[in-house]
Amino acid sequence: MYNYKTGLEYAIHQDQLDELSGYREQFYIPKDKNGNDWLYFTGNSLGLQPKTTQAYLQQELDDWANFAVEGHFEAKNPWMPYHEFLTDSMAKIVGAKPIEVVIMNTLTTNLHLLMVSFYQPTKTKYKIVIESDAFPSDKYAVESQLKFHGFNTYEGLILWKPREGEELLRIEDLKNILDEQGDEIALLLIGGVNYYTGQYLDIKKIASLGHAKGCMVGIDLAHGVGNIQPDLHDSDIDFAAWCTYKYLNSGPGSLGGLFVHEKHAYNKELKRFSGWWNHNKETRFNMRQPFDVMPGAEGWQLSNPPILSMAAIRASLDLFNQVGMNALRKKSKKLTGYFEFLINALNNDSIKIITPSNPEERGCQLSIQVQNADKGLHKKLTEVHIITDWREPDVIRCAPVPLYNTFQDVYYMVEKLKEILNEE
Ligand SMILES: Cc1ncc(COP(=O)(O)O)c(C=O)c1O
């Protein structure tokens, strides 16, 4: 479809044609000792820092210095409603309605808070389905939920696995699990984009299969947010959670995001943990009020949130708002397709891409499986400041991020890969 070519001229020309090329300038890109930019392919782990972030943080530091506690109302961006300034942009990025989204806490914490509401096991319907290669934190979280409710994790945890000799998940295998054990399953908690393989699952289909068996359906969007366009509202899933430090470039350990579908927004009967921040904001400061839960995703907040972290998220979301997910996704498909084309053109048996080749079934990440799980390749790339990550047991994950990676980044990365592979 793109008629990719192997030479450097092609990469240079594509960068010239790229309407988003100007955005790279808006990020700090680490440099080697000769002043050359690193080739940074780990936006799926920690995104680069936008140059505007400092000013957004400085604004809040200045307002803290100048207004102290009065900053809650007097700051240029008053802190009391600060999280609301993030909601519309965040909702657009994940395809949700504003009432369905809030920025708060971190990802694993949010998964637990959501499971308090959406994992309500009974003696006979208590099992949880996750992918066999789910991110460890998600696995530990669901295991601990099972134990917390008095269930055995061996019986309670169902792993949706790839078939023998395959790497990717098949939706028909999830259907088989649900056909066989659906009456005993309370919750599906699935990574929308799998962190290891980069596979983007059909979350709408997962929701309809799960709901047909009376299960709740939650999605971990850590590797999807800012990468693919998940249309959370239309997918009809019950809940989702994500972090913002990967593709959303909000800085190490920054706050996460949470989605609760509108169909649950006004259900005051849902069990949940509470604090003063999910109490009705009109009467929050009257104190001594009986608890009155807020509607929508805000009704899962507990505490007043860290403004400095939210300021960094705001800087990044403002950039996303300018670019728009349609333009980002369009470039992303072309850039990752180019990366795949160049790797395949190496025709080298010691590496294999395990990420789906269909662009609709992946985001920007390609997972390269290395024969004999040889970590040397990853080490040699890192030594020359080509930053990828190694994931046990045998994969190098590389994510050309459309906001700041170029066709030339990809070209030079694969040239180096070729050189290293030929040395061996
Ligand atoms: C898929 C997935 N789940 C959970 C986590 C844990 O996130 P946190 O440390 O913010 O809870 C990560 C972090 O990278 C992740 O990628």
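In this predicted model, the charged end of K51 sits over the ring of Y28, 5.8 Å from the ring centre, where a charge is taken to sit over a ring if NZ of Lys or CZ of Arg is within 6 Å of the ring centre and within 35 degrees of the ring normal. R284 likewise lies over the face of W277, at 4.0 Å from the ring centre. Residues are numbered from 1 along each chain as its sequence is written. Local features need pLDDT of at least 70 and side-chain atom pairs count only at pLDDT 80 or more, whereas totals for chains, interfaces and linings use all residues, and side-chain values use heavy atoms, with hydrogens and water left out.

Aromatic rings also meet one another. A pair of aromatic rings is described by the distance of the centres and the angle of the planes; rings of Phe, Tyr and Trp (its six-membered ring) pair if their centres lie within 6.5 Å, and planes under 30 degrees apart count as stacked, over 60 as edge-to-face and the rest as tilted. By this rule the count comes to 18 aromatic pairs. Y10 and Y338 form a tilted pair, with 5.5 Å from centre to centre and 40° between the planes. This pair links distant parts of the chain, since Y10 is in helix 1 (residues 8-17) and Y338 is in helix 12 (residues 325-346), 328 residues apart; helices (H or I, at least four residues) and strands (E, at least two) are DSSP runs, numbered from the N terminus. Y10 counts as buried at 10% relative accessibility, as does Y338 at 0%, where buried means under 20% relative accessible area, exposed over 50%, and partly exposed in between (1.4 Å probe, protein chains only). A stacked pair is formed by F118 and W300, at 6.0 Å centre to centre and with 20° between the planes. F118 lies in helix 5 (residues 107-118) and W300 in the loop between strand 10 (256-260) and helix 11 (307-323), 182 residues apart, and both F118 and W300 are buried. Y10 and Y338 also belong to one aromatic cluster with Y2, Y4, F341 and F407.

The ligand has around it T106, L107, T108, F135, D138, D220, A222, H223, Y245 and K246, a residue being near a molecule if one of its heavy atoms lies within 4 Å of it. A polar side-chain atom of T108 lies 2.5 Å from an oxygen atom of the ligand, and an N or O atom in the side chain of D138 is 2.8 Å from a nitrogen atom of the ligand. In the side chain of H223, an N or O atom is 2.9 Å from an oxygen atom of the ligand. Of the 400 Å² of accessible area that the ligand has on its own, the protein covers 81%, with areas from the Shrake-Rupley method and a 1.4 Å probe.

Some backbone features remain to be described. Most residues other than glycine have a negative phi, and most peptide bonds are trans. N3, in the segment before helix 1, has a positive phi of about 55° although N3 is not a glycine, and N3 is exposed, with a relative accessible area of 58%. Phi of N105 is also positive, near 50°; N105 lies in the loop between strand 4 (101-104) and helix 5 and counts as partly exposed at 24% relative accessibility. A cis peptide bond, with omega of about 5°, joins E392 and P393, and P393 is placed in the loop between strand 14 (389-391) and strand 15 (395-398).

Conventions: Polar contact = N/O pair within 3.5 Å; in protein donor to acceptor, adjacent residues only side chain to side chain.
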